[in-house]
Amino acid sequence: AIEAVKDGKSVLTSNESQSKSAPISKIDFREEQIDAVEKTLKTFKKNDEMLWYAKMRFEKTLTALEVVRRMQLRKVIIVTHRPVVSDGWGDDFSKIFYPGCDSKHEYSFVGKTNDSAYTFDEKVDSENDLKLRKLDKDGSYFIYFASIQDLRGSALVGGNFNKNNAVFDMDWDLVIIDEAHEGTQTELGDKVIK
């Protein structure tokens, strides 16, 4: 937004914003992050659950995305009680899955266009379902960001709205629950996760 104003424009296209941003350099993971990735990869060979109880500033988002990149998982969903952290996940996504990164597949980071816990927009939700189903049908590799508040509103888990059907119909390769201690401690939150 600041760049647009400086250039006398109302918006910048994604190409313009990318060309003005600093070049992306490879992340140098700290020893404890590498250890977490390695332990997770080892655990996932035998089990399908892993809990990271890591300190603040551990950079769990970067580390979790590194697990996805190393495993080359095709369909990943990130569920959080804090929809505002979508931007942080998106920023970290671009630090791991940048053009020329060491990934066999091109990934995209997607989410609902209008993710609100308090309103239901049939058109937005229908478009989201179509987008997810198309990504799956096309064999695309993607990471989908969802808020638990929005998911709770789905009739499929006891909510009041016919929404998020593609999210709940999808057979996800990995479910990442960000800030698991928040939003999952109620019966409805538990239904969403299950």
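Read from the N terminus, the elements of the protein follow the order α-α-α-α-β-α-β-α-β-α-α-β-α, which amounts to nine helices and four strands. Helices (H or I, at least four residues) and strands (E, at least two) are DSSP runs, numbered from the N terminus. The model is a predicted one, in which local features need pLDDT of at least 70 and side-chain atom pairs count only at pLDDT 80 or more, while totals for chains, interfaces and linings use all residues. Residues are numbered from 1 along each chain as its sequence is written, and side-chain values use heavy atoms, with hydrogens and water left out.

Of the 194 residues of the protein, 39% count as buried, where buried means under 20% relative accessible area, exposed means over 50%, and partly exposed lies in between (1.4 Å probe, protein chains only). Among contacts between residues at least 6 apart in sequence, 74% join residues at least 24 apart, a contact being heavy atoms within 4.5 Å.

## Helix α4

Helix α4 covers residues 60-71. At 1.5 Å a residue, its 12 residues should span 16 Å, and its end C-alpha atoms are 16 Å apart, which agrees; the expected span is 1.5 Å times one less than the number of residues. Nine of the 12 residues of α4 are buried, so α4 is largely enclosed by the rest of the structure. These buried residues are T61, L62, T63, A64, L65, E66, V67, V68 and R69, and they pack against α3, β1 (75-80), α5 (86-96), β2 (107-111), β3 (141-147) and β4 (174-178). Just after α4, Q72 takes a positive phi of about 55 degrees.

Two packed helices are described by the angle between their axes and the distance between the axes. Here the axes are lines fitted to C-alpha atoms, for helices over the stretch in contact, and angles run from 0 to 180 degrees between N-to-C directions.

Helix α3 (residues 31-44) packs against α4 at an angle of about 50 degrees, with the two axes 10 Å apart. That angle makes α3 oblique to α4, given that angles under 35 degrees count as roughly parallel, over 145 as roughly antiparallel, 65 to 115 as roughly perpendicular and the rest as oblique. Helix α3 passes α4 in a right-handed crossing; a crossing is right-handed if the near helix is turned clockwise from the far one by less than a right angle, and left-handed if anticlockwise. On the α3 side the contact is made by Q33, A36, V37, E38, T40, L41 and F44, and on the α4 side by T63, E66, V67, R70 and M71. These residues divide into six nonpolar, three polar and three charged, where Ala, Val, Leu, Ile, Met, Phe, Trp, Tyr, Cys and Pro count as nonpolar, Asp, Glu, Lys and Arg as charged, and the others, Gly among them, as polar.

Helices α4 and α5 pack at an angle of about 50 degrees, with their axes 9 Å apart, and they are therefore oblique to each other. Their crossing is right-handed. In this contact T61, L62, A64, L65, E66 and R69 of α4 meet W89, D92, F93, K95 and I96 of α5, and by class the contact has six nonpolar, one polar and four charged residues.

## Selected residues

Strand β1 contains I78, which is buried, with a relative accessible area of 0%. The C-alpha atoms of I78 and A146 are separated by 6.1 Å, although the two residues are 68 apart along the chain. Leaving out residues up to four places away in sequence, I78 touches W89, F109, I143, Y144, F145, A146, I176 and D178.

Most residues other than glycine have a negative phi, and most peptide bonds are trans. Against that background, R57 has a positive phi near 70 degrees and lies in the loop between α3 and α4, whereas N164, with a positive phi near 60 degrees, is found in the loop between α7 (148-152) and α8.

| Residue | Relative accessible area | Class |
|---|---|---|
| R57 | 70% | exposed |
| N164 | 0% | buried |
| N165 | 17% | buried |
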